[in-house]
Amino acid sequence: MKSAVTTVVSAADAAGRFPSMSDFESVKGSFDRAKARLEAAEKLASCLDKFTNLAVDAVYKNGSYEQANKDKCVRDIHHYLRLINYCLVTGGTGPLDEWGISGMREIIRIQLLPTAAYIEAFIFIRDEIKINDVMGQQAETEFKGLLDYLINALA
Amino acid sequence: MLDAFSRTVVSADAKGAAIGSEDLADLRKYVADANKRIDATLAITQNVSCIAADAVAGMVCENTGLTQPGGHCYPTRRMAACLRDGEIILRYVSYALLAGDPSVLEDRCLNGLKETYLALGVPTSNAVRAVEIMKIATVAIMTETNTGRKMFKGINSGSGAQCQDIASEAASYFDLVIEALS
């Protein structure tokens, strides 16, 4: 799975060489941001249910979507937030790409669920929820970066 | 291929759970020890030919028939193949140590290695002995118990005594090689 370290090791292995100084530098570079990422992952894990419910309630309260789909939406938003938690840990978009994005849009469509509702929910989490109350500035930036990535992929 | 981070992710995904505080403790340690880990990996990469040559020489010294006509390290072409393999194993151990996870070593080096050696007529017991010597040499360099140049001399990221944990992690990767060959 793609992460800062595995990318470097794959490249070194393809060339058949030992890890070089520049490989070490890029590994180290990813660790500089790791503290914020791990904080974001930890705080997100503790607020996963709260964020999910707040977002889905907000999206479904104005009646533009069928209430029957709400449970499925809760399930999926929870799933996506868990994958974002994984991405925050690995420091790459590997988990979202492999388990969340490839094929997922088609599956949501085939179940006749509105993708717009998902996007609205993630935009709500990004813009309306006070993420700052639970995690620091840098951690919030990391989290929102991944939310944006997901929103773009689903849109 | 996995690293310490993606390994945590894969095992969390198997449970369907998010990664919370208790699972993050190990990863925080990995991040905090990053400099030591890089220096330990450097200890391998800077001493590759030395470690491999010593190990093969040691293996031959213990069993001098190897370099005699009819031995497995005769002629020099086969001895050179032996040195090359020592370096390849060290390369994959260095990858595993940098990633903090043995999957790259297992997938790309050890998978099928014993079968290949058996097919080529390489005596695995001698190969195991060479790997054992490489393990001892690597651990000695990392913990600065070697004679000669000390790893941390001139840099201040740590000391040999502080490298015990990472040296035993490296030793565990060598043990995987030994296990795969025996």
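## A buried cysteine

B:Cys163 is buried, because 26 other C-beta atoms lie within 10 Å. A residue is called buried if 20 or more other C-beta atoms lie within 10 Å of its own, exposed if 12 or fewer, and partly exposed in between, with C-beta atoms placed from the backbone. This is a predicted model: local features need pLDDT of at least 70, side-chain atom pairs count only at pLDDT 80 or more, and totals for chains, interfaces and linings use all residues. Residues are numbered from 1 along each chain as its sequence is written, while chains are lettered from A and ligands numbered from 1 in the order in which they are written.

B:Cys163 sits in a loop of chain B, between helix 8 (124–142) and helix 9 (164–181). Helices are DSSP runs (H or I, at least four residues), numbered from the N terminus. Leaving out residues up to four places away in sequence, B:Cys163 touches B:Lys36, B:Ala40, B:Met142, B:Thr143 and B:Gly158. Contact means that two C-beta atoms, placed from the backbone, lie within 7 Å.

## The annotated site

UniProt, in an unreviewed entry, places the feature "binding site" at B:Asn35, B:Asp39 and B:Cys163. These residues span 129 residues in sequence, yet no two of their C-alpha atoms are more than 10.8 Å apart, so they gather at one spot. UniProt positions follow the numbering used here, feature names are shortened, and annotations may be inferred rather than shown by experiment.

B:Asp39 belongs to helix 3 (residues 34–45) of chain B. B:Asp39 is buried, with 20 other C-beta atoms within 10 Å.

## Two residues of helix 4

B:Asp54 lies in helix 4 (residues 48–62) of chain B. B:Asp54 counts as partly exposed, because 17 C-beta neighbours fall inside 10 Å. Beyond its neighbours within four places in sequence, B:Asp54 is in contact with B:Ile133 and B:Ala137. B:Asp54 and B:Ile133 are 79 residues apart in sequence, but 7.9 Å apart in space, C-alpha to C-alpha.

B:Ala53 is also in helix 4 of chain B. B:Ala53 is partly exposed, with 13 other C-beta atoms within 10 Å. From B:Ala53 to B:Leu83 is 30 residues in sequence and 6.4 Å in space, C-alpha to C-alpha.

## Where the chains meet

In the interface, 30 residues of chain A are in contact with 29 residues of chain B. Helix 3 of chain A gives the largest share of chain A's side, 8 residues. That side divides into 17 nonpolar, 8 polar and 5 charged residues. Ala, Val, Leu, Ile, Met, Phe, Trp, Tyr, Cys and Pro count as nonpolar, Asp, Glu, Lys and Arg as charged, and the others, Gly among them, as polar.
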